[in-house]
Amino acid sequence: MTRLASVAALKERQVRVAASRPVGQQVVAVCGGTGCLATGCKDVAKALEKELGSAGLKDRVTLVVTGCHGFCEQGPIVVVRPQSTFYPRVQVKDVPEIVARTLAKGEVIERLLYVDPVSGTKIERESDIPFYKGQTRIIFESNGHLSPTSLDDYLARGGYGALAKALTTHTPEQVIDEVTRAGLRGRGGGGFSTGRKWASARSAKGEPKYVICNADEGDPGAFMDRSLLEGNPHSVIEGMLIGAYAVGSRHGYVYVRHEYPLAVENLRHALEQARAAGLLGEGILGTTFGFDIVISRGGGAFVCGESTALMASLEGKVGEPRAKYVHTVEHGLFDKPTVLNNVETWANVPAIIANGAAAYASLGTDNSKGTKIFSLVGKINNTGLVEVPMGITLREVVFGIGGGIPGGKKFKAVQTGGPSGGCLPESLLDLPVDFQRLTEAGSMMGSGGMIVMDEDTCMVDVARYFIDFLARESCGKCTPCREGLLACRDILARICEGKGKDEDLSTLDELGQWMTAASLCALGGSAANPVLSTLRYFKHEYLAHIREHRCPGGVCKELITYSIDTGKCNGCHACVKACPPDAISGALKAMHTIDAAACIKCGACLSVCKQDAVVRR
Amino acid sequence: MLQDILSRYSRNRTCLVMILQDVQTELGYLAEESLAEIARHLSMPVAHVHSVATFYNVFSLEPRGEHLVRVCLGTACHVRQASLILDTALRELGVSDGGTTKDRKVTVQSVGCVGACAIGPVVEVDEVHHGHMTVPKMSRLLRGFVANKEVAT
Ligand SMILES: Cc1cc2nc3c(=O)[nH]c(=O)nc-3n(C[C@H](O)[C@H](O)[C@H](O)COP(=O)(O)O)c2cc1C
Ligand code: FES
């Protein structure tokens, strides 16, 4: 690609690329995100390419392999535009028909359409599907349209226009002012005002200044940063460019989690393109502004997502956090003024500059502006990534967009905020989701994980799960976090085994208070949340374990048994064959029984039984 | 090989994590001799290299098996009973978490979220994701390369 030597050259290029893609042109988009890759989207794309060739449609139809569309549950996803016909779970064998009928003749193939799990009806258009209909996609919209490896695709949608606008019509101070007035708060966990952070770094003394993108995404259950970086890397680069211009930085880093090789690959490719186009390097778009970005791969430690630990890791050291009274905006990476923001935060920046602070702030609540991408996962019908305005209720997300709980099960809780967050019960489903309300309810916004739990989930087990995770990931530098977590872990393990005592609950509460008050960083400081929030809303489950030696969710191994419901078993033998220790007896077409003494509680029978006859209690 | 990697980096201490990452990727693990060589290259104590190498989860001081099976225990997978999937893998291969089969064919490791949460439970085999995992599906997947069930020493 030729160098864009001026803002005029960028504009000219945007127009030229857009003109080469006339409105109404047939496009078939295949999702190439991680979820769809796992279900075989590569083969589907290959088959489409081949079939389009042999049908002689290559000139008329554009095939694009995009980033994640968000609706991973339904992968591989194929969308035909401009009709926006949506085909979920497409297989290679469906491809010839899609080409012959939908792409060649514009027909809709009834049998391939999406069936709404709530109403049972077939839905043709992507935008009519409840999962998409309830969303407001500002940051995530482009993902389903552009190829992550094409700079032109990004330019065709107005890409780098916000950068040009910032460089030519805004002073750095005006950019900061715009971002501050937009009310953008960090999407990585803390929710700190992005504009204020930038202003402090701008006025801080010291050269050079650094700008960092936190793509460590350690929160288990969240994957929006991955999808943004994989699917639309240029939006993150553009955000960082604008931020660097605002704070006066020439050096950027992206710290990416090592589990995300595709994100690294797509980002590296995008950086090369941006350099070749003169969007990174010296004299960007013919101005005096210069900036470049280096990728650094993380080492797979949760604590390295924390700002000071991340900087230590970037310096090649052990990723241990340090006390926060030394601010990183003044003394950050290599002891220089540093701005660290999350991937999604950066991706919000171009939208703010392009559309203005007022438009951005028109969405959301008084304390939280704009949209937030949540990863809606767990025991829910429509799993995937959803972008919604701040202030939407949990109910709208879980039951509207998410389509409720599968298998006719009852909702129990939704966990937000990752390992530092909490579990919210059914009585709080009408809570508007924003930074303040979630914190008041004992949870957190965090990075946007929303893990839905049904009646078959044990809340004590969930608390133990998080404490276990944090105990493993604690760096061990400060005592309250290191020892407090181990003590909590032992108590929770005991309760899960049915060996708990009543006074364990007050000990947990006390340990939680100590960790919160005395830990060095936010890992320990918020580590008690999963315990405190489950104690607050689900104390009865703790008591059931302690006093009745019963696990109401049917999860804790020591407290449950597997048995077969005589009324439902049809003697199909599937469980007998699946049972590893041969603990199930019974002839074909005769009732089966499980020998409790031999049963290893592996769950194999439960997952093969089509009659729902295996009972776990 | 190690020399090739070292020649790509300056003797600056900040390169340590990147060097270790390349060695891990290209040589499969961090051998004792590699750590010593890296320490010499960067003029730092071996103990320092060791502390960094043992801090991060990606690094392994032991050679891994030919195949790497990683079972996700992230929150989304956990609530869909991922622990039963891990138990199955460990039982079938006769190893403990992080262990390698005696024939050095397979290493099994639990991990916290591989970023494909919507299709959980997820198992990653040699960087390929397998979603919607069940106990019988896991057994079938492993049968492909089970040869020796004894625990590695
Ligand atoms: C233990 C711990 C882990 C964290 N992990 C991440 C992470 O993976 N990604 C992230 O963006 N922020 C993470 N954070 C928050 C960062 O410290 C920091 O607040 C954030 O990256 C700042 O960017 P933002 O203002 O745009 O949110 C973590 C914080 C803690 C205490
Ligand atoms: S929780 Fe398993 S992939 Fe994220």
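1. Two strands are taken to pair if DSSP finds at least two bridges between them, and strands (E, at least two residues) and helices (H or I, at least four) are DSSP runs numbered from the N terminus. On that basis, strand β1 (residues 26–31) of chain A is joined by 6 bridges to strand β2 (residues 61–66) of chain A, and the two run parallel. Within this pairing, Val30(A) stands opposite Val65(A) in β2(A).

2. The model under review is predicted, so that local features need pLDDT of at least 70 and side-chain atom pairs count only at pLDDT 80 or more, while totals for chains, interfaces and linings use all residues; side-chain values use heavy atoms, with hydrogens and water left out. Residues are numbered from 1 along each chain as its sequence is written, and chains are lettered from A and ligands numbered from 1 in the order in which they are written.

3. Strand β1(A) also pairs with strand β3 (residues 78–81) of chain A, here through 4 bridges and in an antiparallel sense. In β3(A), Val79(A) faces Ala29(A), and Val78(A) faces Val30(A).

4. These pairings belong to an open sheet of 4 strands in chain A, ordered β2-β1-β3-β4, with mixed pairing. Because β2 and β4 (85–87) of chain A stand at the edges with a single partner strand each, one side of each is left without a neighbour in the sheet. From one strand to the next the twist averages 15°.

5. As for burial (under 20% relative accessible area with a 1.4 Å probe, protein chains only; exposed is over 50%, and partly exposed lies in between), 5 of the 6 residues of β1(A) are buried, so this strand is largely enclosed by the rest of the structure. Helix α4 (residues 95–105) of chain A lies across β1, β2, β3 and β4 of chain A and runs at about 140° to β1(A); axes are lines fitted to C-alpha atoms, for helices over the stretch in contact, and angles run from 0 to 180 degrees between N-to-C directions.

6. Helix α22 (residues 529–537) of chain A is likewise mostly covered, with 7 of its 9 residues buried, among them Pro530(A), Val531(A), Leu535(A) and Tyr537(A). The buried residues of α22(A) pack, with contact meaning heavy atoms within 4.5 Å, against β14 (422–425), α18 (459–473), α19 (479–496), α20 (503–518) and α23 (539–548) of chain A.

7. Elsewhere in chain A, helix α11 (residues 233–247) and helix α12 (residues 261–276) pack at an angle of about 60° with their axes 9 Å apart, which makes α11(A) oblique to α12(A). Angles under 35 degrees count as roughly parallel, over 145 as roughly antiparallel, 65 to 115 as roughly perpendicular and the rest as oblique. Pro233(A), His234(A) and Ile237(A) of α11(A) meet residues of α12(A) including Leu267(A), Ala270(A) and Leu271(A).

8. Chain B is divided into domain 1 (2–55) and domain 2 (67–146), with bounds that come from an automatic or database domain assignment, and the centres of these two domains of chain B, taken over C-alpha atoms, are separated by 29 Å. In chain B, helix α2 (residues 16–27) packs against helix α3 (residues 32–42) at about 150°, their axes being 11 Å apart, and α2(B) and α3(B) are therefore roughly antiparallel to each other. Their contact includes Leu16(B), Ile19(B) and Leu20(B) of α2(B) and Leu35(B), Ile38(B) and Leu42(B) of α3(B).
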